[in-house]
Amino acid sequence: MTGTATTSGSGTTSGSGTIRIRTARTRAAWIRAAALRTGAALVVTAAALSGCSGDGKGAPVWTAGSSTAGSSTAGSSTAESTTSAPASGPTPTVSASAPGSSAADWKVFTDPAKTVSFEVPRDWIVQSVAVDPGALPGALKIVVKDAKGAYLATLQTGLPPQPAAACADGDARAYVVVSSVPVDLPHAGGEGTIDPHVVFRVIQGYKYFGSYGITNVVGGAGGKACALQNVVRGQEGKGDYSFGDLPVLKPLAPDQKVAPAKAFDTLDQAAKYVNEGSEFADVQRMLMSLKIKN
């Protein structure tokens, strides 16, 4: 982002957007109020990281270690870039960091070609699987599950760039960024992108549907969108990449399968998932630890 930043009691503002830093003490109270308000939600943009190549064959490499990213984000305030609030009302903006991780012992997963690495709790399961049709040469697809085998996230590299689908004004739904933490990863810039962030966002359908991932793709104009991409735009020839519970979050219909998206009856429930639960803390640390060989 560009522009000169100034600091006030409510946050930090820049010439190209607004950064709000909220304390943990005010976060829960704020989001309860946001749940009662109407109006457009926060627009967050995100950019794609460069895709990685590798043959994906052989045994993964495990090493013991702890993440500096994980330890630095737990219990800290987070910042997030926003657009200006629409004239119709205030923009529900929440910046939240996860509570401390519940896992005491972590390991580092590295693919055989050593193109990507990330940390997971020692009892989590990490599996390399076949890439989807159309993936670029050298692409990877890695699935992460918890100790009981429940699905948590997928890392995919070498994704063919996919432009956002058209979104008619009447189809767009309000969304809120509950958590947003910048992460240092390779990516391509350009229109409609910012630096990569690890985010948890909620879009309003018949319930509030939430999803976590890494992204640098702009969500939508006026705090509304038809879909939110957990995708990082990659450098030319590398393809895009995605690391999260699902690559695209949409406002689902009652007859559609919800999982792996999270479903909440209120925004307050979404805030509690981020601020009080250990699952998101562990997932956030895993996402923040991602390293990609450029």
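At 35% relative accessibility, Cys-167 counts as partly exposed, the label for values between the buried class (under 20% relative accessible area) and the exposed class (over 50%), with a 1.4 Å probe and protein chains only. Cys-226, at 22%, counts as partly exposed too. These two cysteines form a disulfide with their sulfur atoms 1.9 Å apart, where a disulfide is a pair of cysteine sulfur atoms within 2.5 Å. The link of Cys-167 and Cys-226 is right-handed, with 80° about the S-S bond. Cys-167 sits in the loop between strand 10 (151-159) and strand 11 (173-182), and Cys-226 in the loop between strand 14 (224-225) and strand 15 (228-229), so the pair ties together parts that are 59 residues apart in sequence. Searching the whole structure turns up one disulfide.

A word on the model itself. It is predicted, so local features need pLDDT of at least 70 and side-chain atom pairs count only at pLDDT 80 or more, while totals for chains, interfaces and linings use all residues. Residues are numbered from 1 along each chain as its sequence is written, and side-chain values use heavy atoms, with hydrogens and water left out. The mean pLDDT (the predictor's confidence in each residue, from 0 to 100) of the protein chain is 73, and 65% of its residues reach 70 or more. Over residues 1-98 pLDDT stays under 50; the model has 271 contacts beyond four places in sequence for this stretch, a contact being heavy atoms within 4.5 Å.

As for the overall layout, the protein chain has four helices and 19 strands, taken as DSSP runs (H or I, at least four residues, for helices; E, at least two, for strands) and numbered from the N terminus. Of its 294 residues, 50% count as buried. Among contacts between residues at least 6 apart in sequence, 68% join residues at least 24 apart.

The largest nonpolar core has 38 residues. Such a core is a set of buried Ala, Val, Leu, Ile, Met, Phe, Trp, Tyr and Cys residues joined through side-chain atoms within 4.5 Å. Those with the most contacts inside this core are Phe-118, Phe-200, Tyr-212, Ile-214, Phe-243, Met-286 and Leu-290. Its largest share, five residues, comes from helix 4. A second, separate core of 10 residues includes Tyr-175, Ile-203, Leu-228 and Leu-246. Helix 4 (residues 278-288) is mostly covered, with nine of its 11 residues buried, including Phe-280, Val-283, Arg-285 and Leu-287. Beyond its neighbours within four places in sequence, Tyr-212 is in contact with a list of residues that includes Phe-280, Val-283 and Leu-287, along with Leu-152, Phe-200 and Tyr-273.

Now for the rings. Rings of Phe, Tyr and Trp (its six-membered ring) pair if their centres lie within 6.5 Å; planes under 30 degrees apart count as stacked, over 60 as edge-to-face and the rest as tilted. By this rule there are nine aromatic pairs. Phe-109 and Phe-118 have their ring centres 5.4 Å apart and their planes at 40°, so this pair is tilted. Both residues are buried. Phe-118 and Phe-243 also make a tilted pair, with centres 5.1 Å apart and planes at 55°. This second pair links distant parts of the chain, as Phe-118 is in strand 7 and Phe-243 in strand 16 (residues 240-244), 125 residues apart. Phe-118 is buried at 1% relative accessibility, and Phe-243 at 0%. Elsewhere, ring pairs link Phe-200, Tyr-212, Phe-264, Tyr-273 and Phe-280 into a cluster. Arg-285 lies over the face of Trp-106, 3.9 Å from the ring centre; the cut-offs for a charge over a ring are NZ of Lys or CZ of Arg within 6 Å of the ring centre and within 35 degrees of the ring normal.

Val-116 lies in strand 7 (residues 116-121) and counts as buried at 2% relative accessibility. Val-116 and Lys-293 are 177 residues apart in sequence but 6.2 Å apart in space, C-alpha to C-alpha. Lys-114, in the loop between strand 6 (106-110) and strand 7, is exposed, with a relative accessible area of 55%. Its phi is near 55°, a positive value in a residue other than glycine. A cis peptide bond joins Ala-259 and Pro-260, with omega about 10°, and Pro-260 is found in the loop between strand 17 (248-249) and strand 18 (262-264).
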